[in-house]
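Trainee: Could you take me on a close look at a single part of this protein? I would like to go through it slowly, one piece at a time.

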Amino acid sequence: MGMKRILLSLGLLLAAGALHAQAPHELHFGFSGPAAGYVHAGDFGPLYHWGSDLYSLYEGCEQIDAGPVFSIGYTYTLRGWLKPGAEVSWGCSWINRTQPRATQDKTVQHLMQNYLTVMPLVSLFAVDRPHFKLYGKLAAGGQLSFGDFEGTRFRPAWQVVPLGLQWGGEKLFGFAEGGFGNVYLVRMGLGIRW
């Protein structure tokens with residue numbers, strides 16, 4: 001009877017070790033930008049206030065400075081190459097708006113817009129080595145935009161990451177992603193597995 005208990009205990013320890021080694025849970029924290037991704041990409045640039053161009057004579061201008069995006073996400077390893085999960089992100093943009101030169105009004109309005117995004121995601125891993133991983137990611141969900149620039153709006157949110165890299169240990173890792181969507185364009189961060 002004692003030998004059976006020892007073998008059972010040894011078997012449970014080995015099984016727990018194997019499960020622990022797989023580390024199916026991942027939690028990652030990211031820092032990315034620009035906020036809202038491509039949404040205002042054509043509007044980034046200098047503020048034409050009292051410029052000499054004809055446009056600023058009759059039209060007001062806007063300068064958008066996108067801030068960073070902070071995110072937290074979770075993934076679960078179904079297979080070595082397939083990890084579904086979800087992500088929550090927040091970012092903001094600051095907007096300076098001028099009046100047309102013809103109005104003789106030199107005031108500049110300072111506005112702000114926030115972007116809160118929730119998206120389910122799936123990561124597909126092409127290379128899954130202990131200290132280096134190469135993957136792509138698809139995410140889709142919703143984005144709540146609120147502030148004094150656009151008011152409150154809800155829009156679909158999506159993110160495509162054709163190239164993502166993870167490096168480091170099996171428990172603590174760094175990552176970098178490049179892609180496109182209406183949340184961010186480039187992102188870096190840290191994650192943990194357990």
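Let's start with Ser145: does this residue count as buried or exposed, and why?

Mentor: Happy to, and please keep in mind that this is a predicted model. Ser145 counts as buried because its relative accessibility is 0%, and the cut-off for buried is under 20%. You will find this serine in strand β5, which covers residues 132-147.

Now look at what the side chain of Ser145 does there. Another, of 3.0 Å, links the side chain of Ser145 to that of Glu150. If you set aside the neighbours within four places in sequence, the residues in contact with Ser145 are Gln113, Asn114, Tyr115, Glu150, Gly151, Thr152, Arg153 and Arg155.

Next, step back to the setting of β5. Eight strands close into a barrel, ordered β1-β2-β3-β4-β5-β6-β7-β8, with antiparallel pairing. From one strand to the next, the twist averages 25 degrees.

Elsewhere in that barrel, you can follow the pairing residue by residue. The link from β2 to β3 is a hairpin of five residues.

Key: Residues numbered from 1 in each chain as written. Predicted model: local features only at pLDDT ≥ 70, side-chain atom pairs only at ≥ 80, totals over all residues. Heavy atoms only, no water. Helix = DSSP H or I, 4+ residues; strand = E, 2+ residues; numbered from the N terminus. Buried < 20%, exposed > 50% of the residue type's maximum accessible area, 1.4 Å probe, protein only. Polar contact = N/O pair within 3.5 Å; in protein donor to acceptor, adjacent residues only side chain to side chain. Contact = heavy atoms within 4.5 Å. Pairing = 2+ DSSP bridges. Axes fitted to C-alpha atoms, helices over the stretch in contact; angles between N-to-C directions.
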